[in-house]
Amino acid sequence: MPTSTPLSAAFRLACFSFIVIGLVSFVFHQTKDKIIQNEHDALLQSLQSVLAQTLYDNKPNEDSITLENVIIYRAYRANTPVAAIIKSTTPRGYSGDIQLLTALDITGSILAVRILDHKETAGLGDKIELKKSSWILSFNHKTFADMQRSQWAVKRDQGNFDQFTGATITPRAVVNEVKKIGLFFQQHKTQIFPQLK
Amino acid sequence: MTYQQIVKNGLWTNNQALVALLGLCPLLAVSNTTINGLALGMATTLTLILSNGCISLVRNTILPEIRLPLFVLIIAGIVTMIELLMHAYFYQLYKTLGIFIPLIVTNCAIIGRAEVFASKNKFLPSLVDGLAMGLGFSFVLVVLGGMREFLSLGSLLSQANLLFGEQAKNWQFIILDDYSGLLLAAFPAGSFIALGLLIALKNSLEVDAK
């Protein structure tokens, strides 16, 4: 073992820190573009999952606004507003946040909902994913006009949406969040699409 | 210590998960499916090999009073690089494993091997030790993941495409069709029970061998 003074120990630690920082920054720069590309592709893919590509001709992933901490992507066709895609998060899941993407047409009717991320129990709450169950499709083409607001809830809460056997908290969180997004869109429609005034 | 002993130590005698009981947090949390277990096992093994190798190389310049911050620095650097590379090249898997990749830093098995082995041994034996310890740990992760996936979902190797690309989509074995699932196995408590059973199995095999 080399002899040590506090100064030489500190000096060695500093040298090692510089080497490690150098290596990490090198890898960071090498992977940066690919990571940005991945995030971009993932966003595009999730936007296309809620809104058919034939409905719009702009790039919604490049046209977004943020209102009250909610991100809204806007879809147009020939410069006329077609739909808004709203990304939101609810903390009311069974374990952790549920992140979802809701597409609404300009009348405020729901086009589609997809779950982006969740930590719900496998085999129970994860039926909110399209690849596990078709439940999430029950939002398609729902409007507030079709249903009284109180029916916009899971059946256990006297609403219109199925819950899952053994899991009510997860679907309840999703239904309530979509309802909130629907109301949010109605209230902020003209802020999202100033053309509609 | 011969290479044979090092390998046997890592895989069996001093298995980090079954004997040393280190790194249980990621072990219990990510072992809900075979593929998740395998993926975290591979990332942990890679970290172990690299950290053991690096630490062994610089072992003669490490002063005893700064060894712990230095180990943490080296391990954290390696894990950050692995995380960046996974984010870039295995995006889906990165999304699935999420927080557990950066948390590899806190896996005590890695700093444990740095302290006990790599800082006292030559480069090559340290690499082998990292590999053997990593494989022993991964093996337990995969077996645990298999048990829990089978009991909770009735399948094995589901979502292999996250790790092996699109052609792996149909690797999945559905063993029990229309299986309603033993939920306990999906919950954290289930992974404690499954790990307990594995440890008991290992101990009984050893008793029998005597």
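Biologist: Hi! Which domains is chain A divided into?
Modeller: Residues 1–50 of chain A form domain 1, and residues 52–196 form domain 2. The model is a predicted one, by the way.

Biologist: Thanks. What distance separates their centres?
Modeller: Taken over C-alpha atoms, the centres of domain 1 and domain 2 of chain A are 36 Å apart.

Biologist: And how many residues does the contact take from each domain?
Modeller: Domain 1 of chain A gives seven residues and domain 2 of chain A gives 12 residues. On the domain 1 side, four are nonpolar, three are polar and none is charged.

Biologist: Switching to chain B: at what angle do α3 and α6 pack?
Modeller: About 35°, with 10 Å between the axes of α3 (residues 34–57) and α6 (residues 108–118) of chain B.

Biologist: Left-handed or right-handed crossing?
Modeller: Right-handed, as α3(B) passes α6(B).

Biologist: Nice. Which residues make that contact?
Modeller: From α3(B) they include B:Leu48 and B:Ile55, and from α6(B) they include B:Ile110, B:Arg113 and B:Phe117. By class, the contact has six nonpolar, four polar and one charged residues.

Biologist: Last topic: how many residues of chain B are in contact with chain A?
Modeller: 23 residues of chain B, and they meet 22 residues of chain A.

Biologist: Which element of chain B gives the largest share?
Modeller: α4(B), with 11 residues. Elements giving two or more residues are α4 (67–89), α7 (123–153) and α9 (183–186) of chain B.

Biologist: What classes are on that side?
Modeller: The chain B side that touches chain A has 15 nonpolar, seven polar and one charged residues.

Notes
Residues are numbered from 1 along each chain as its sequence is written. Chains are lettered from A and ligands numbered from 1 in the order in which they are written. This is a predicted model: local features need pLDDT of at least 70, side-chain atom pairs count only at pLDDT 80 or more; totals for chains, interfaces and linings use all residues. Domain bounds come from an automatic or database domain assignment. Two residues are in contact if their C-beta atoms, placed from the backbone, lie within 7 Å. Ala, Val, Leu, Ile, Met, Phe, Trp, Tyr, Cys and Pro count as nonpolar, Asp, Glu, Lys and Arg as charged, and the others, Gly among them, as polar. Axes are lines fitted to C-alpha atoms, for helices over the stretch in contact, and angles run from 0 to 180 degrees between N-to-C directions. Helices (H or I, at least four residues) and strands (E, at least two) are DSSP runs, numbered from the N terminus. A crossing is left-handed if the near helix is turned anticlockwise from the far one by less than a right angle, and right-handed if clockwise.
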